[in-house]
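Please read them beside the model.

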Amino acid sequence: MTADDPGRRAAIEEMVRLVGRVVRDERVLEAMRAVPRDEFVPPRVRRYAFEDHALPIGEGQTISQPLIVGMMTEAARLEGDEHVLEVGTGSGYQAAVLARLVRDVVSVEIVASLREQAAQTLARLGVTNVTVLPAGVELGAPEYGPYDAILVTAVAPSIPEALVRQLRAGGRMVLPVGKHDDDQELLVVTRTAEGIDTTSLGGVRFVPLRGEGGFEEDDDSVL
Ligand code: SAH
């Protein structure tokens, strides 16, 4: 499929239509229409790029299902001038969607090969307001914070305190939380003057967050 192939355009429209059954924010739908998801997946799964599924991207990791990308992006309530952190760059797709909606995005990734590949894809597509960084000792990227919004695209066992600290007051964090594969919930955590407010968007299934605030490497309860 070439970029202006009518079949490809139709596949993109169908993906956006499916996401739009749940996601109402037109800006989010427009961003998802504009970011070529097929450029972010390996050639062997490219023909499925616009179906509403998570897909393997190598290193045992996945690009999230479009519906989940849409829901997480909408839940961050972005208006255009935000400074945003993503934890878990993966393919770079979610970062590219965010990049169209905010001022800039800092995205951290723990796996070097994924980080390099994502940075290359983003550069090739001319996305200049995303900085892809290695995951440091502390979860997130405290040195570039505080953030107006944080999206975590790997499941944490509980709400990571280190990331709450990187949110500015009024900021939103959207993240999956759960100790087991079949009991993860997508949460929206808003930092308030007193602490945090938490609401749930329902059940989800994500790959595990590693390192501090995440799961131990040998913990297979979430795999
Ligand atoms: N947002 C991605 C999907 C990410 S899958 C996309 O749009 O394609 C989750 C990613 O989180 C994986 O690539 C995994 O390597 C990464 N990850 C896991 N623990 C991490 C940590 N502590 N810091 C940064 N990235 C982490």
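1. Strand β2 is the top contributor to the lining of the largest pocket, giving 3 residues. Strands here are DSSP runs of E, at least two residues, and helices are runs of H or I, at least four, numbered from the N terminus. A pocket is an open set of 1 Å grid points with protein on both sides within 12 Å along at least five of seven lines, where lining residues have an atom within 4 Å of a point.

2. The model is predicted: local features need pLDDT of at least 70, side-chain atom pairs need 80 or more, and totals for linings use all residues. Numbering starts from 1 along each chain, and side-chain values use heavy atoms, without hydrogens or water.

3. The largest pocket holds about 770 Å³ of space. It has 42 lining residues, with Q61, G88, T153, A154 and V207 closest to its centre. By class, the lining has 20 nonpolar, 15 polar and 7 charged residues.

4. The second largest pocket holds about 200 Å³. Of its 13 lining residues, F40, V41, P42, I57 and Q117 are closest to the centre. Helix α5 (residues 112-124) gives the most, with 5 residues.

How values were computed
1 Å grid on protein atoms, 1.4 Å probe; cavity = no way out; pocket = protein on both sides within 12 Å on 5 of 7 lines; lining within 4 Å. Points joined across faces, edges and corners; volume = space filled by probe spheres on them. Nonpolar A, V, L, I, M, F, W, Y, C, P; charged D, E, K, R; others polar.
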